[in-house]
Structures are given as C-alpha cells and as structure tokens.
Amino acid sequence: MSLRLIVVALFLIFSGVLAARQPHIVFILADDLGWNDVGYHGSEIRTPNLDQLSADGVRLENYYVQPICTPSRSQLMTGRYQIHTGLQHSIIWPCQPSCLPLDEKLLPQLLKEVGYSTHMVGKWHLGMYKKECLPTRRGFDTYFGFLTGSEDYYSHERCTDVPGQGEHCRLDLWDGEEVATNYSDVYSTELFAQKTISIIKNHKSTQPLFLYVALQSVHAPLQVPERYVTPYSFITDNNRRVYAGMVAAMDEAVGDITLALQRQGLWDNTILVFSTDNGGQTALGGSNWPLRGRKNSMWEGGVRGVGFVASPLLQLPWTISHELMHISDWLPTLVGVAGGSTNGAKPLDGLDMWDMISKGLRSPRLELLHNIDPLFKNPCTDEMVHDRSWVKSGFDVSIQAAIRSAKWKLLTGPKGCSAWYSRPGQSNSESSPSENQQLKTVMLFDIENDPRETNDVSAQHPDVVKDLLNRLKIHQESAVPINCPHDDPKCITSPDGAWGPWA
C-alpha cells in the first residue's frame, strides 16, 4: 500500500473515531424564565420535565446570565463579555442597523470545524439588518424562527414604531433565508418543538449534532392555548395564571424534544443544556422570589439564571452545583467537550467548565463581570443616595456596573428596579425584608451568605470595595465603544415584506 493510501486510511479511521466519541449537543434557551418559575425552586407552577431532567443531571444553582436578551445570546455565541463586542447597552431593536460583529467566530462555526451538523430553531435577536448577520451566515446549516426580540405567538407578527412613519406590523418568521408564511395560528412553542423534533428524526446519528433551540417562551405577550391555563385556575392574578400556562407549554415542549432524542437512539450520547436568558419580568407574570429585582436589573433577580445539564455522559449525575458559572462559559465548555479548538476565536472571557459540571470539581471561575453600561437609565424611580466616598476611586461610580469576585458582589450607579417582588399570592408587605436599606451609588453584598441582597456591607469592607472598583476600572479599559445606532427608517423596505435584512 502506498504512503498516500496509508495516510488517507488513517485519516478516515481517526475521523470515524472522533465522530463516534463526539457528543450530540442540544442547547435549549428559555426566554424571561424567572428563578421562581420552575417546580424544583418551589414554584406553584408545575414543571415535571424540567424537574426530572435537572434531578437526573446537574443543577447549576450559582449560574449567571445577563439581565436582558441580546447580551445573553451574544455571550453564549461568542464566549465574550458584551463590553468586548460593543453590545453593552440595551438590546438590538428591529430597525437598528446593528448585529453581533461579523468578525466574531461563533459557537456553531467552531463546532462545524470539527464535523458537527448545526441547526437552530427559534429566536435569534442578534441583528438582521443585512444578510451577513443571519444565522445561516453565522455557522448554522439550517434555521427556522424569528429574528427580532418578540412577536405574537400565533400570527408571528411584530409591531414596532418606525422613525417618522408610526407603528408598523410585519411578519417575522423565517425558514432559512426565506419568509415562512404558512404558519399563522400555530402556537410558536408547539411549532418550534415540532421543527426541532423533525431535525432530530432526520439526523444521521453517525454525525455529531449541535441543535440550538431558542424558545419564544415565556417572553411577552402573554399568550397560550387555554388547555395549559386550565390547571392553574387557583392562581388569582391573571398575568401569573396565563404565564403559568406558558411555562407548562414550554415544559411539555422540552419533554417532547427529550423523548424524540431517546426514540431516535441519540440520547445516550447527548449533552442537553437548559438555560434561561435572564431573570423573570415580574410586571408580566414572572417571579424571581426570593431574589431581589427583575429582568433588566443588576440585582440577583435579573442575572441569576435557571440552568442545568442533563446527560448520560455526566460522570457525577444527580448533583446540585453551587460553583460559579456564567453564560459566556458555554462556548469553551461545549467546544472543548466536542474535541474542538477555540484558537480561531477572539480572546475569550468564558472558561471551560466541563470538569466542574461532569466531575463535580471546583469552578475555575473566581470573578465575573456582570456588565458596565455608561448609558443605562433606571426604568424605576428608585431614590439613590450619591455616596461621594468613592468619587476619586478611578472608576466612575455614577454609571451602571456590577462585578462578582468569590463571595462578593459590587454594584455601582443605577442598578435597575430594586424591589423584592413578592412571592405570587402574597402582598409586598409580606414578602419584603424587614430592613429597608437606602440605595447608594456603591453597594457591596456577601452573595454567598446574603443572596437576597438585603445587607449592604460596603462600609464594613472598604478594602474589598476598593479592589473591586479597581477591577471594574481594568475591565472598562478593555471595553470597545458601544454600538447602539439610531433606528433606520429604511428598515421597512425589506423586499420580503417582513422584518428582515434591508441594507
């Protein structure tokens, strides 16, 4: 046999061995699911599939996401803090000529490099003003879903104000790069589950699969088939009752997807990750009790996320982990377990957590930058005392920032809505802490012992405050300029008559 044939034979053998040991990866991302919205956190909402999957796997109880949609998704896809991609302020709106920077190499691209078939179903929300921004141009072989941040669950239309032209309502549902027009009146949670199951049924088990399922549930608007709401007639608050039905529909979808993996013989070699993208929106049925704050805040209720890993491949299943982890850690973790390399990506902020997840080892993460956003304006009218003690610290404490280091969490500037929103069915007076501390520009909490953020200890630990303000200063020096352009009225000139690329 010639040397050339030997080399080819060895390559084919190696490729076959690699494919055989590479796990299938299914990542399910819920939208706006709060800490107190799953059964295993004591919610009145029943989530039997999430409860069982998480109990059989590893529950991540010290896991963090970003407080709103686009930033969490950007960090999942890049493994990089949003201060390094220009997305540190707000979300990408339908008419903004912006998207996740095109020079970033994303998770599906890195997995394709080691042979994965990559598919996405659901919400993109990483920009779509030009075709180069679309999921099918960023590493996904197929895509079915919607590109903006929210829409009607049945008509799949999004209404938004266009500069100088008033409100416009347009379809936002795509199959690849074509508008999908035949799904009116099909509830999106069920539709996305059906599309996901179809991908699973048609997948050849010899090729590793990466399947990213970004569900619309349970983001507003509050819509769900009545059969899911009926079991929750005991909930008196209408928003919470409908929301509970939406969570139940999502839980059923996760169960159906898991069953499809089992029936197709893929489950024994699958890693399934479940995560929320941010805390619950308490104004629209969500609950983060007993954590403080809500979606779009730097309090724990905005950033501590529901998350778990379920897989027969875990070496230490049936585990509850309290090790520190962040959504940016998924890229190096999943690329690593897939046998890939992150050398082609920009410098990462995420860390490989597989040994922590699978073997129960200590987390390599000691610090976590929640964000630095100089443009943030507090949506709530919280009164804040401007403490001038740290004016000369080298970091502008008037701007929104938060950082976690070991057990300590430091927050500066406007922090987002600061209330402890009551447990569903209770009044605020029954749920609020007895000590109502005044908000200050700089606040420090011992999160391990005070996860509810009731006791500001900045005065007792000035050296910790000083060190963390210096860390914020160092992070701010590495930040790229904020990319948050004004809306472009040309956004309604898309030739497809839907929300989609126009530039």
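Is F27 buried or exposed? I started my notebook with this residue. The model is a predicted one. F27 has a relative accessibility of 1%, so it counts as buried, the cut-off being under 20%.

**Entry 1: aromatic rings**

I searched the whole structure for aromatic pairs and found 14. I looked up the pair of F27 and Y212, which is edge-to-face, with 6.3 Å from centre to centre and 75° between the planes. F27 belongs to strand β1 (residues 24–30) and Y212 to strand β10 (residues 209–214), so this pair ties together parts that are 185 residues apart in sequence. I checked Y212 as well: its relative accessibility is 2%, so it counts as buried.

Next I looked at Y232 and F234. Their ring centres are 5.9 Å apart and their planes stand at 50°, so I noted the pair as tilted. Y232 is buried, with a relative accessible area of 2%. F234 is partly exposed, at 46%.

Which residues form one aromatic cluster with F27? I listed Y63, F140, F210, Y212 and W330.

**Entry 2: charges over rings**

I then turned to arginines placed over tryptophan rings. The charged end of R170 sits over the ring of W499, 5.8 Å from the ring centre. The charged end of R304 sits over the ring of W35, and here the distance to the centre is 5.9 Å.

**Entry 3: strand β11**

How many of the residues of β11 are buried? I counted seven of seven. Both faces of the strand are covered: T270, L272, F274 and T276 are buried on one side, and I271, V273 and S275 on the other.

I looked up the partners of β11 next. β1 and β11 run parallel and are joined by seven bridges. One bridge I noted has H24 as the partner of T270 in β11. β11 also runs antiparallel to strand β12 (residues 307–310), with four bridges between them. In that pairing S275 stands opposite G307 of β12.

G285 has a relative accessibility of 7%, so it counts as buried. Leaving out residues up to four places away in sequence, G285 touches N239, R240 and Y243. I also looked up H219, which is 66 residues from G285 along the chain; their C-alpha atoms are 9.8 Å apart.

I went back along the chain to strand β6 (residues 157–162). Six bridges pair β6 with strand β7 (residues 166–171) in the antiparallel sense. C159 has C169 in β7 as its bridge partner. The two strands form a hairpin with three residues between them, and G164 in the turn has a positive phi of about 75°.

**Entry 4: an open sheet and a helix**

In what order do the strands of the open sheet with β15 come? I wrote down β15-β17-β18-β20, four strands with antiparallel pairing. The edge strands are β15 (367–373) and β20 (442–446), each of which pairs on one side only. On average, neighbouring strands of this sheet are turned by 10° against each other, direction ignored.

I looked at one pairing in the sheet: β15 and strand β17 (residues 400–405) are antiparallel over six bridges. There E367 has S405 in β17 as its bridge partner. Helix α12 (residues 462–477) lies across β15, β17, β18 (408–412) and β20, and runs at about 65° to β18.

**Entry 5: backbone details**

I ended with the backbone. The peptide bond between S217 and V218 is cis, with omega about 10°. V218 is in the loop between β10 and α6 (226–229). The bond from A220 to P221 is cis too, with omega near 10°. P221 lies in the loop between β10 and α6.

S90 has a phi of about 60°, and its place is the loop between α3 (69–78) and α4 (107–112). E453 has a phi near 55°, and I found it in the loop between β20 and α12. E453 counts as buried because its relative accessibility is 0%.

Key
Residues numbered from 1 in each chain as written. Predicted model: local features only at pLDDT ≥ 70, side-chain atom pairs only at ≥ 80, totals over all residues. Heavy atoms only, no water. Pairing = 2+ DSSP bridges. Buried < 20%, exposed > 50% of the residue type's maximum accessible area, 1.4 Å probe, protein only. Contact = heavy atoms within 4.5 Å. Phe/Tyr/Trp six-rings, centres within 6.5 Å; stacked < 30°, edge-to-face > 60°. Lys NZ or Arg CZ within 6 Å of the ring centre and 35° of its normal. Axes fitted to C-alpha atoms, helices over the stretch in contact; angles between N-to-C directions.
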